[in-house]
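Morning, everyone. Please have the sequence and the model open while I talk.

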Amino acid sequence: MIRFDDVTFFHAGASTPVLAGVNLHIPEGELCLVTGRTGAGKSTLLGAVNGLVPRFTGGTLHGRVTVDGHATEDRAPQEFAELVGVVGQDPLAGFVTDTVEDELAYGMEQLGTSPEVMRKRVEETLDLLGIAELRRRPLRTLSGGQQQRVAIGAVLTAHPKVLVLDEPTSALDPTAAEDVLAAIIRLVHDLGTTVLVAEHRVERVLQYADRLVRLDGDGRVVDGEPATLIADSDLAPPVVRLARLAGWEPPPLSVRDARRRAAGLHERLRGREPATNTAEPGAARLTARRVTVAYGQTLAVRGVDLDLRGGEVLALMGRNGSGKSSLLWALQGSGPRRSGTVDVGGTDPGKASAKGARALVGLVPQTASDLIYLDTVDAECKQGDTESQVPPGTCRTLLDALAPGIPGDRHPRDLSEGQKLALVLAVQLSSAPGVVLLDEPTRGLDYHAKRHFTETVRAQAAAGRAVVVATHDVEFVAGAADRVVVMAEGEIVADGPTAEVVVSSPAFAPQVAKVLAPWLTVEQVAAALAEEAS
Amino acid sequence: MSLRDRWPPLPRTVHPGAWWLWSLGLATAASRTTNPILLVMILAVCGFVVVRRRGDAPWALAFRMYLFLGAFIVTMRVVFRIVFGGGQGDIVLFTLPEIPLPEWAAGIRLFGAVAVEQILGGFYDGLRLATMVVCVGAANALANPKRMLKALPGALYEIGTAVVVALTVAPQLVESVLRVRRARRLRAGGQKGLRALRGILIPVLEDALNRSLALAAAMASRGYGRTGHVPRGTRLLTGSLVVTGLLGVCAGLYGVMDASTPRYMGAPMLAAGLAVATAGFVIGGRRVRRSRYRPDRWRPGEFAVVASGLATGTLMYLTTRVDPANLYPSLNPLTWPEVGLLPAVAILIGVLPAWLAPPPESTQEPATAEIPAQGTAPAALPVGGPPRAARK
């Protein structure tokens, strides 16, 4: 169905190719997962399918890409609309109209589908994706998972043979991601759609994939059976890494398969306890009492009590829109707070000046790049020093500790997501706050960057800071957090040690816990097995 | 179908064109008078119809903004008359110290004696303009502006989409500015003026640029701008016909509304413009390979709305011919404005859509309140807690 013949692609002005001599054939009806580190060319590969690369992005493409026998070099992306449906990373950015029903019909209107057929297909699609009750809702008022499903529905109504999805679940909470994935699986099964999906969160999609396409970052592309290819991949999800430890061949791809083979491992781990962070948390760094945040008539946070202790990493979880961000902003003092008190060492950051609040609590917002506006990394660091009134070079030293080797003359926009996050974190840490709040920092980070970021977070806690990370990423939480707070509708519904909260919840349990509860991470299991061996 | 089946009208979306024609009718009526009583009546009619027939969508709440804009216009007019227009009228209220101006600025006076006539003149004038603005605001609140663009003829489709996209960009820009300003506080840069502006502008512009590129790519991959096989010449011809025609229509409308323009600028210009534009649409429409999802149709409700608006406008226009005395209350000598029967009836006809037009549909999911309370209601409650609408 999709065929790449000796495809090489250079970005405009680049000397090394993003894709080099790619030969790839994806048969009809397959679900194909594209993996690779950030910047390895996943989006380029996906964009080439309907000709957006190179027609929209610039650059030069050699070789030939054909979909169902039609070559992208002969036709504009517009003419591929009935053949290939493309859903981008941010569904909201791709919406043209403003209500769900109109959005579903938009593609068909372009193709000149007759009104009767349009009406029928819109109803069918609403049912297929389970969004019928949203039909009249304005798109901006939908939650992330709903928006993503509408975006998929909007391309489906044109009945494309190929569906291309770029990171469809990266920004979603676990439950919303399940919904979106269920919808995709249904398309593959019921409609025989060929699906090409790129995803950082490999663990979510791997078990459904018929084929794995691996980009190694040097332009080469390898494709084949998921179980074979993932076995030695550095982007393997926890179950596969667990399989390597236990010596299961071929590795199981789903939690269910792993569980069925885990009896022996259970036996070996009997009588052992997962190693936990034994360091006693320090004194309370921040005390919040009855914090309430309201926007007009909407209550975002309802009377939340929270203590943040030094040396402790707290993960703030909960579905999209449950009040996590509002709570973080209220704790930092820059966001609105209707009532309640926040106390950091005797001072209320909400009443302090912006400078004062920043020295007490540092916050890295969801779109971290909002904080960056200068031309070079060095200029940003210098600005950070001035803002925090610290000796010149402090910010740069922090940055080197977080992410070594970033050239100072690099434009901040050209950094990878992980480096950008490190830069913003360094700027925020330069004023040496005792409390650090991070809003969705793991978005867009691949496994490597995430592992590195876990170390960063642990190091901050080890330095005596209280760290809060709002995130959807259960694997990250299992590896990094000491304590988990779950929010729903602006209230705290669970608060306790990571192992306790996470294991008891079906949505927030990491893969290893689903197989081997109470063990949470591959590292814990590895440590226990190493102990056994010695 | 008998009248009984049609009454009361069931909730549905009214064709946006109907609301626009209705509001243009009211605006025309407002442009024909400076009588404050009549103008306030028109304002009341607009407000009443909007309150009864607007939906719960965000744009429907914009009506308040137009009211503020109207108040601003009136205030500005009065203030200008006080500052610049001194010296007219006999009944002096108070005298401000006059600022002497050089010789070459003769004819302009700053401050000085403030007369009742002067203030009232400004007030009447401002109120007329404000009422016309509010009429347009009423149309905006009653009809989704984007749906109006959707009702555009096929030849104007591309322009319509461009406008729709531009309309979405504005609130998004505001949103990004707010977000980035909040984020700037986190860094406590403390810069003022241009440097602070740079800190906000660069992330916002970058955001906007990224978003528009993403949107352009998404639109292209969904088939927007498929040109098919239409020769370039035809496209140019239709384009220029349509644009020329619409310019003619605008000029014509201006002529009809403004009593002081020469007569040939009015109705004839309007008709000619319409003819040219229609020709463009017909030629353009032939090559359109797009279709329209659930288009708004003209039904009796729409005709009733349009008829009432046009009746108001036409009756007012007739009044200017028959009995114009009360439409422009005299300032010299100062008299209390009086209201004739004909203009009052004309304006009151405009309020009929408050009952005749079908009520709007709710954009929310069905709320529990809409489930008939027949004792069995709890069984009909959706599983999983209160529905979203109730939580909002």
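UniProt, in an unreviewed entry, puts "domain: ABC transporter" at residues 2-242 and 286-514 of chain A. Keep in mind that this is a predicted model. Take residues 2-242 of chain A: 37% helix, 23% strand, with the end C-alpha atoms 34 Å apart. Now residues 286-514 of chain A: 36% helix, 26% strand, with 33 Å between the end C-alpha atoms.

Next, chain A as a whole. It has 22 helices and 19 strands. Its C-alpha atoms fill a box of roughly 70 × 60 × 50 Å along the principal axes. For 534 residues, a compact globule would have a radius of gyration near 24 Å, and chain A agrees, because its value is 24 Å. Of the 534 residues, 53% are buried. Look at contacts between residues at least 6 apart in sequence: 69% of them join residues at least 24 apart.

Now a helix pair in chain A. A packed pair is described by the angle between the axes and the distance between them. Helix α17(A), residues 417-429, packs on helix α18(A), residues 447-462, at about 20°, and the axes are 10 Å apart. An angle under 35 degrees counts as roughly parallel, so α17(A) and α18(A) are roughly parallel to each other. Who meets whom? From α17(A) come Glu417(A), Gly418(A) and Leu421(A); from α18(A) come Ala449(A), His452(A) and Phe453(A). By class, that contact has three nonpolar, two polar and one charged residues.

Move to α10(A), residues 238-246. Which of its residues are buried? Pro238(A), Val239(A), Val240(A), Arg241(A), Leu242(A) and Ala243(A). Arginine is on that list, at position 241. The buried residues of α10(A) pack against several helices of chain A, including α8 (202-205), α19 (474-480) and α22 (522-533).

Then the cis prolines. The peptide bond from Glu249(A) to Pro250(A) is cis, omega near -15°. Pro250(A) sits in the loop between α10 and α11 of chain A. Another cis bond joins Ala517(A) and Pro518(A), with omega about 5°. Pro518(A) lies in the loop between α21 and α22 of chain A.

Two positive phi values next, neither in a glycine. His159(A) has phi near 50°. You will find His159(A) in the loop between α6 (144-156) and β7 (162-166) of chain A. Glu440(A) also has phi near 50°. Its loop runs between β16 (435-439) and α18 of chain A. Buried or partly exposed? The cut-off for buried is 20 or more C-beta neighbours within 10 Å. His159(A) has 18, so it counts as partly exposed. Glu440(A) has 22, so it counts as buried.

Last, chain B. The contact takes 46 residues from chain A and 38 from chain B. On the chain B side, α7 (157-187) and α8 (193-221) each supply at least two residues. The largest share, 12 residues, comes from α8(B). By class, the chain B side divides into 16 nonpolar, eight polar and 14 charged residues.

For chain B, an unreviewed UniProt entry lists "transmembrane region" at several stretches, among them residues 63-84 and 263-283. Residues 63-84 of chain B are 100% helix, and the end C-alpha atoms lie 32 Å apart. Residues 263-283 of chain B are 81% helix and 0% strand, with the end C-alpha atoms 31 Å apart.

That's my tour. Over to you.

Key: Residues are numbered from 1 along each chain as its sequence is written. Chains are lettered from A and ligands numbered from 1 in the order in which they are written. This is a predicted model: local features need pLDDT of at least 70, side-chain atom pairs count only at pLDDT 80 or more; totals for chains, interfaces and linings use all residues. Helices (H or I, at least four residues) and strands (E, at least two) are DSSP runs, numbered from the N terminus. The radius of gyration is taken over C-alpha atoms; the globule rule is 2.2 Å times the number of residues to the power 0.38. A residue is buried if 20 or more other C-beta atoms lie within 10 Å of its own, exposed if 12 or fewer, and partly exposed in between; C-beta atoms are placed from the backbone. Two residues are in contact if their C-beta atoms, placed from the backbone, lie within 7 Å. Ala, Val, Leu, Ile, Met, Phe, Trp, Tyr, Cys and Pro count as nonpolar, Asp, Glu, Lys and Arg as charged, and the others, Gly among them, as polar. Axes are lines fitted to C-alpha atoms, for helices over the stretch in contact, and angles run from 0 to 180 degrees between N-to-C directions. Angles under 35 degrees count as roughly parallel, over 145 as roughly antiparallel, 65 to 115 as roughly perpendicular and the rest as oblique. UniProt positions are given in the numbering used here, feature names are shortened, and annotations may be inferred rather than shown by experiment.
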